[in-house]
Amino acid sequence: MAMYCRTAWCRHLMAVSMALFCLLHNTMDVHARPANMSALKDKNNPTSKEENEILPPDHINGVKLEMDGHINKGFHQEVFLGKEMEEFEEDSEPRRNRKKLIEIFSKVDFNKDKSVSAKEMQRWIMEKTEEHFQEAVRENKMSFHAVDPDGDGHVTWDEYRVKFLASKGFNEKEMADKIKNSEELKVDEETQEVLESLKDRWFQADNPPADQLLNEEEFLSFLHPEHSKGMLKYMVKEIVRDLDQDGDKKLTLSEFISLPMGTVENQQAQDIDDDWVRERKKEFEEVIDRNHDGIVTMEELEEYMDPMNEYNALNEAKQMIAVADENQNHNLELEEILKYSEYFTGSKLMDYARNVHEEF
């Protein structure tokens, strides 16, 4: 059963993902997945940079689900590396990466006993998540400046709408004049639907007393709902609405694992779909469904999505430790974290144990 997106914004995201999936389908290996294509969209779309500066991102660092309902595959690396993510690129020199990982280990090991406990990892995860928050604040300053042409510290819906349409290729002056004169914009159906979805989100971000203007802080919530409890609830509500097939405002396992790519065409696509189901089933049963009753409520999903939830950070810390805890002492030693470097950093280190003690 294909996942049905009711909101225009979700359909917009899924349409781009599906188009890219079709283009890349023949080159994917059997371990690939029908994942969110945020990174690929930026690389393959030469106009996406300007557009993405003022559009709410699908992918948010340190948040477990994407806006289109996909699981954030890079979450472990994001909350372990924080702002140092870019230093662990795939083509980075392994010895340099090993030294950097040793430095990180020494920082996580707060009490300097040469092992990392769950509490130490929890503390580290919260610090790294805060780094992503601060990065979003810095980026928001630039984005807000881009949509606040008169520099009055407030953005009207019409000002934002003009900038959005310009980023989609429409003539900015022509759009501004039409909006000023209340003329019909004559945009395509998809663009109109996305505009309507963005408008709803815009007014959700307008804190009371509502004045239909967004200041810089409200614009941050518009782009990054994780910065506001109210907007986080809105984000969760949108995800549930897109996945919920029977309209009860809750998610069952079958709804959560519904395949977004439709009917499979060959064995390679079947393998991709099988990976999708296994991954989401595990996340639903072991992490999201806190009381294990087979139903995920909006409250459970909100707790799961909240990047500053300390309980989640502790659970994540325990899960991360369990992956690499070969001696089963519920802590991480340096050798273990180096051996499982690909899980923590996305970068595989060769000869991970060589000269570990000398370098440390």
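Okay, first the ground rules. What we have is a predicted model, where local features need pLDDT of at least 70 and side-chain atom pairs count only at pLDDT 80 or more, while totals for chains, interfaces and linings use all residues. Residues are numbered from 1 along each chain as its sequence is written, and side-chain values use heavy atoms, with hydrogens and water left out.

So, the overall picture. The chain's secondary structure comes to 18 helices and four strands; both are DSSP runs numbered from the N terminus, helices being H or I with at least four residues and strands E with at least two. The chain has 360 residues, and 49% of them count as buried. Buried here means under 20% relative accessible area, exposed is over 50%, and partly exposed is in between, with a 1.4 Å probe and protein chains only. Now contacts, meaning heavy atoms within 4.5 Å: among those between residues at least 6 apart in sequence, 62% join residues at least 24 apart.

On to the rings. How many aromatic pairs does the structure hold? There are 12. Rings of Phe, Tyr and Trp (its six-membered ring) pair if their centres lie within 6.5 Å; planes under 30 degrees apart are stacked, over 60 edge-to-face, and the rest tilted. Take Tyr-160 and Trp-202, a tilted pair at 5.1 Å centre to centre with 35° between the planes. Tyr-160 sits in helix H7 (residues 157-167) and Trp-202 in helix H9 (residues 189-205), so this pair ties together parts that are 42 residues apart in sequence. Both Tyr-160 and Trp-202 are buried. They also belong to a cluster linked by ring pairs, along with Phe-144, Trp-157, Phe-219 and Phe-222.

Phe-222 has a charge over its ring too: the charged end of Arg-201 sits there, 5.9 Å from the centre. That label requires NZ of Lys or CZ of Arg within 6 Å of the ring centre and within 35 degrees of the ring normal. Arg-280 does likewise over Phe-256, at 4.0 Å from the ring centre.

Next, helices crossing. Axes are lines fitted to C-alpha atoms, for helices over the stretch in contact, and angles run from 0 to 180 degrees between N-to-C directions. The axes of H5 (residues 94-108) and H6 (residues 118-147) come within 9 Å and cross at roughly 110°. That makes H5 roughly perpendicular to H6, on a scale where under 35 degrees is roughly parallel, over 145 roughly antiparallel, 65 to 115 roughly perpendicular and the rest oblique. Ile-104, Lys-107 and Val-108 in H5 meet Glu-120, Met-121, Arg-123 and Trp-124 in H6.

Then H11 (residues 229-243) and H14 (residues 298-305): their axes come within 10 Å and cross at roughly 120°, and these two are therefore oblique to each other. Residues meeting there include Leu-232 and Val-236 in H11, and Leu-301 and Met-305 in H14.

Last, the backbone. Where does Lys-112 lie? In the loop between H5 and H6, with a positive phi near 60° despite not being a glycine, and it is exposed at 54% relative accessible area. Lys-186, in the loop between helix H8 (172-180) and H9, also has a positive phi, about 55°, and counts as exposed at 65% relative accessibility. And keep an eye on Pro-208 to Pro-209: that peptide bond is cis, omega near -5°, with Pro-209 in the loop between H9 and strand S2 (213-214).
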